[in-house]
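Subject: Structure handover

Hi,

Here is the structure we talked about. Please open it alongside this message, and my notes follow below.

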Amino acid sequence: MTYAAGRHFLQIPGPTNVPDSVLRAMSAATIDHRGPEFGELGAQLLRDVRPVFGTTGPVVIYPATGTGAWEAALVNTLSPGDAVLTFETGHFATLWQDMARGLGLEVDFVPGDWRHGADPAVVAERLAADTAHRIRAVCVVHNETSTGVTSRIPEIRAAIDAARHPALLLVDTISSLGSIDYRHDEWGVDVTVAGSQKGLMLPPGMSFNAISAKALDASRTARMPRTFWDWGPMLAANERGYFPYTPNTNLLYGLREALRLLDDEGLENVFARHLRHAEATRAAVRGWGLEVLALDEREYSAALTAVLVPDGVDADKVRAVILDRFDMSLGAGLGRLAGRVFRIGHLGAFNDLTLAGTLAGVQMGLGLAGVEVDGRGLDAALEVLQQS
């Protein structure tokens, strides 16, 4: 492979770029995970991670990817044969419902077009019809990484409450936590699922469950088999800052630094930054004469933008040209969107100049790939950034 000068632009929607200070933090010597120094580290992290979730309750940290946190949410709260309500908002929502079926749960999977989020009206309709309360949980992906569509969690919570239904609300925030405003407690979420490799600016390998009191109560009677994922031993060990099995110590060092960076910037400023970058990206897409995949402006993602290419254009060819010429990685279309979209990640450790460079590379790459675009797209994005 020919050496490419400068840094690689990793503009997929995760894993995201890891800040230098986080990389340095992870390079520290590993310590005894049963020793007193580690207990202090664990206690600090288990306390300091809570504001990112918008909770004062417990947050469990697993040495696993976000997929593990999905499974943990299901097996700790449900029993074999329980019914769950899920929504086809994209590739990852589809994978979560596949997991639920594989675990022996009965899944009511609401079909979707991958261009809209979960519909609160459908939540209300399905739960109102469930007079026997067979549905034990509603599972929603907050920000669908494959589509750039963000579901409206407060409205979904309101629909559950309006139906006076006891179902738990389980929410995947893997690509929204630390990038998009999220409030576990205020929005009445029972289990929040998250991962390390996106808004938290860490490598993959760490995942989370934020747990409500209602979910914790459900875990005491849930009969799904669980050992590694069991909240009980985790929470017991966490009381002293420890874990029931070997944790990923050096990622925990990185998490401590990532939380410091988020706190220094301020979460409100972090969310505002992501909103600005998303708006500028959409301005570029429209300026090019292309189409944002998300159709409802209330559901535009602040973490990534999926761009629909014209008929007859292979989005993967566009991505390949951009990688070859500009050493920049863009997200591929997944599932039914393969070859039809490319995804621009604008989340995590990301600033105005990084976005400007990213969009310049996309604009040039589109032209080199033979896609006719209006060259004023980049100007439209820069205008948004200059006005903000």
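Leaving aside its neighbours within four places in sequence, which residues is Thr16 in contact with? They are Leu10, Gln197, Lys198, Met201 and Leu347. Bear in mind that this is a predicted model.

**Thr16**

Thr16 sits in the loop that links S1 to helix H1 (20-26). Its relative accessible area is 5%. Buried means under 20%, so Thr16 counts as buried. The side chain of Thr16 also reaches the backbone oxygen of Lys198, at 2.9 Å. Lys198 is among the contacts listed above.

Leu308 stands opposite Val341 in S14.

**H11 against H14**

H11 also has a helix partner. Two packed helices are described by the angle between their axes and the distance between the axes. The axes of H11 and helix H14 (residues 377-387) come within 7 Å and cross at roughly 155°. Angles over 145 degrees count as roughly antiparallel, so H11 and H14 are roughly antiparallel to each other. H11 passes H14 in a right-handed crossing.

Which residues meet here? From H11 they are Arg276, His277, Glu279, Ala280, Ala283, Ala284 and Gly287. From H14 they are Gly377, Ala380, Ala381, Val384 and Leu385.

**The seven-stranded sheet**

Seven strands form another open sheet, again with mixed pairing. Read across, the order is S2-S10-S9-S8-S5-S3-S4. Strand S2 (59-62) and strand S4 (106-110) are the edge strands, and each pairs on one side only. On average, neighbouring strands are turned by 20° against each other, direction ignored.

Helix H6 (residues 120-129) packs on this sheet. H6 touches strand S3 (83-87), S4 and strand S5 (135-141). The direction of H6 makes about 160° with that of S3.

S2 runs antiparallel to S10, with four bridges between them. The bridge partner of Val60 in S10 is Asn209.

S10 (residues 207-211) is also joined to S9 by five bridges, and these two strands run antiparallel. Val191 stands opposite Ile211 in S10.

**Asp190**

Asp190 is in the loop between strand S8 (168-172) and strand S9 (191-195). Is Asp190 buried or exposed? Asp190 is buried, with a relative accessible area of 4%.

The side chain of Asp190 has two partners to check on screen. A polar atom of that side chain lies 2.9 Å from the backbone nitrogen of Leu169. The side chain of Asp190 also makes a polar contact with the side chain of Ser212, at 2.8 Å. Neighbours within four places in sequence aside, Asp190 is in contact with Arg157, Ala167, Leu168, Leu169, His184, Ala210, Ile211, Ser212, Lys214 and Ala215.

**H4 against H5**

One more helix pair. Helix H4 (residues 66-77) and helix H5 (residues 91-102) pack at an angle of about 45°, with their axes 10 Å apart. That angle makes H4 oblique to H5. H4 passes H5 in a right-handed crossing. H4 brings Thr67, Trp70, Glu71 and Leu74 to the contact. H5 brings Phe92, Leu95, Trp96, Met99 and Ala100.

Best wishes

Note on methods
Residues numbered from 1 in each chain as written. Predicted model: local features only at pLDDT ≥ 70, side-chain atom pairs only at ≥ 80, totals over all residues. Heavy atoms only, no water. Pairing = 2+ DSSP bridges. Buried < 20%, exposed > 50% of the residue type's maximum accessible area, 1.4 Å probe, protein only. Polar contact = N/O pair within 3.5 Å; in protein donor to acceptor, adjacent residues only side chain to side chain. Contact = heavy atoms within 4.5 Å. Axes fitted to C-alpha atoms, helices over the stretch in contact; angles between N-to-C directions. Parallel < 35°, antiparallel > 145°, perpendicular 65-115°, else oblique. Left-handed = near helix turned anticlockwise from the far one by under 90°.
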